[in-house]
Amino acid sequence: LGLYGFLDGLKEKGVPLSYVVELMCVYQLNGGSSMNECGALSGSVLVKEELCHGHTISLKTIERGLSLLDLYFEETIVHLWRRLNEIYPDLSTDAYVDGSHIPREGAGHGAYTAAGEGGGSVQLQDQFMIAQLVDSGLPISVEVYRGNLNDTPQYADFVPQLMFMLKQGSIIIMDHGGSAKDLLHEIRDNDMDYPTRVRMNRSDIERIRREIGDAKYVGSGTMCIQHRFESSDRHTYLYFSVDRYIMGHLSAERRALRLMEMACDAKEYVEKQDPRKVVKPVKNPFFKVKSVKVEVEMTLNPWLEEDVAKAIRETEKDDCGWFKLECSKRLTPLQALDLYRHRAGIEALISSIKSVVNMKPLRVWSASSTRGAVLLGMIAQLCVSMVRYDMEPDQIIKRIDGRVVRMDHKPSTATICKNLSHWTVVLVPRDGFKIDRIYTDENDLTRRISAVLDCYRGCFRPLPRAAGP
């Protein structure tokens with residue numbers, strides 16, 4: 001990727017920036033997440049010689065390195081993109097876009113830190129958006145946002161920047177956060193296309209009722225009603241999924257159970273004339289509710305199975321089991337569904353960045369440290385993703401819709417990092433300053449990784465070491 005030469009041009013004095021970034025990437029990929037610990041680890045004689053190239057890299061140097069990554073954030077993204085296009089000239093630029101959050105630990109607040117929904121609760125967090133190429137799985141761009149910013153403005157800021165990197169005719173696949181009309185028009189104005197998930201409306205429900213008999217089966221328990229708008233050439237796809245219907249039905253059952261409990265309370269009110277069972281007065285220091293007159297009429301019996309089933313049907317939404325995709329170009333229902341479903345790849349990428357690469361919030365709390373750490377996480381992930389992309393796939397057999405299918409398979413990022421962490425190098429000193437390196441605990445995967453790295457060995461230049469005493 002030419003990162004050594006590029007990064008060293010950003011810092012003239014002291015430890016070369018490339019060595020600082022190399023140390024942090026290796027430390028993160030090895031399971032570390034504390035830059036304080038990373039700075040202390042660099043004091044080890046072995047780490048100093050093997051990873052720091054003879055330099056002493058302090059915590060202050062690491063913090064300065066993260067600040068420089070923030071200062072040259074866009075330039076670094078552009079450099080990586082240019083090098084990727086040189087290494088892979090025929091790289092397809094169809095891209096997935098998605099976002100996630102980084103929980104903020106400790107008592108301090110960073111410039112991007114705000115209370116937002118994440119991890120199933122409200123917490124202090126920073127958010128980021130990331131883009132991943134569809135075919136290769138390589139991450140190509142990332143940006144940081146405030147923890148309480150909604151998805152729509154994040155997409156509106158991130159996607160236009162991303163479009164400068166993509167070829168005309170590229171497809172940008174987004175979730176519901178990228179369905180704003182202004183953004184979709186901007187994508188079309190730049191001669192690119194999109195599929196995205198959009199909310200269903202009343203006209204969609206009516207179309208389902210009218211055209212349900214014309215729905216086409218597309219596989220995996222899914223059928224589709226396709227529609228084209230002549231004026232705008234937009235295509236909408238209304239999918240019914242058995243799996244989604246089952247989940248929606250189970251959700252309706254849980255709601256019905258809660259309503260049954262309320263019905264029991266209502267029956268108790270009828271018997272005891274206690275309105276508090278069905279009416280909860282607002283707590284307000286300025287007034288009190290002294291008497292409430294309520295009339296209750298039981299319409300269904302919560303102890304009859306037929307009535308319970310009817311209650312479940314009534315609590316199910318009209319669009320239970322249905323979801324809607326919109327696309328700017330004509331695709332078959334299966335093509336549109338496959339494009340959207342394969343967004344699972346970018347979700348796996350985000351999970352890898354957060355758990356395998358161990359991108360965690362820093363306790364420096366500055367905006368530059370946060371952006372630098374996020375860019376560092378993307379660089380580390382990109383290196384592993386390139387190794388994975390260049391590996392020859394295995395052949396596995398899977399059963400899909402009752403058919404036996406032979407598919408290409410590559411190990412996950414987590415598997416690659418786990419095997420590399422167990423790959424041991426024994427250093428054997430020889431006469432003078434010569435050191436022999438003996439690799440142990442090799443397996444089939446580490447040998448495949450080594451073969452990929454050997455393809456790039458001619459691209460590596462000798463790295464200067466710190467001058468000895």
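How many helices and strands are there in the protein chain? There are 16 helices and 14 strands, where helices (H or I, at least four residues) and strands (E, at least two) are DSSP runs numbered from the N terminus. Keep in mind that this is a predicted model, so local features need pLDDT of at least 70 and side-chain atom pairs count only at pLDDT 80 or more, while totals for chains, interfaces and linings use all residues. Residues are numbered from 1 along each chain as its sequence is written, and side-chain values use heavy atoms, with hydrogens and water left out.

Of the chain's 469 residues, 42% count as buried; buried means under 20% relative accessible area, exposed over 50%, and partly exposed in between (1.4 Å probe, protein chains only). Take the contacts (heavy atoms within 4.5 Å) with a separation of 6 or more: residues 24 or more positions apart account for 63% of them.

Now for the sheet. It's an open one of five strands, in the order E6-E10-E9-E8-E7, with antiparallel pairing; two strands pair if DSSP finds at least two bridges between them. E6 and E7 (216–219) stand at the edges with a single partner strand each, so one side of each has no neighbour in the sheet. On average, neighbouring strands are turned by 35 degrees against each other, direction ignored. Look at E8 (residues 222–229) and E9 (residues 234–241): eight bridges join this antiparallel pair, and Gln 226 has Tyr 237 in E9 as its bridge partner.

What lies across these strands? H12 lies across E6, E7, E8, E9 and E10 (322–327), running at about 75 degrees to E9. Such axes are lines fitted to C-alpha atoms, for helices over the stretch in contact, and angles run from 0 to 180 degrees between N-to-C directions. Within H12 (residues 333–341), Pro 333, Ala 336, Leu 337, Leu 339 and Tyr 340 are buried. Seen down the helix axis, the buried residues of H12 fall within an arc of 160 degrees, so they line one face; the arc is that of the directions from the axis to the C-beta atoms.

Most residues other than glycine have a negative phi. Asp 191 isn't a glycine, yet its phi is positive, about 60 degrees. Asp 191 counts as partly exposed because its relative accessibility is 44%.
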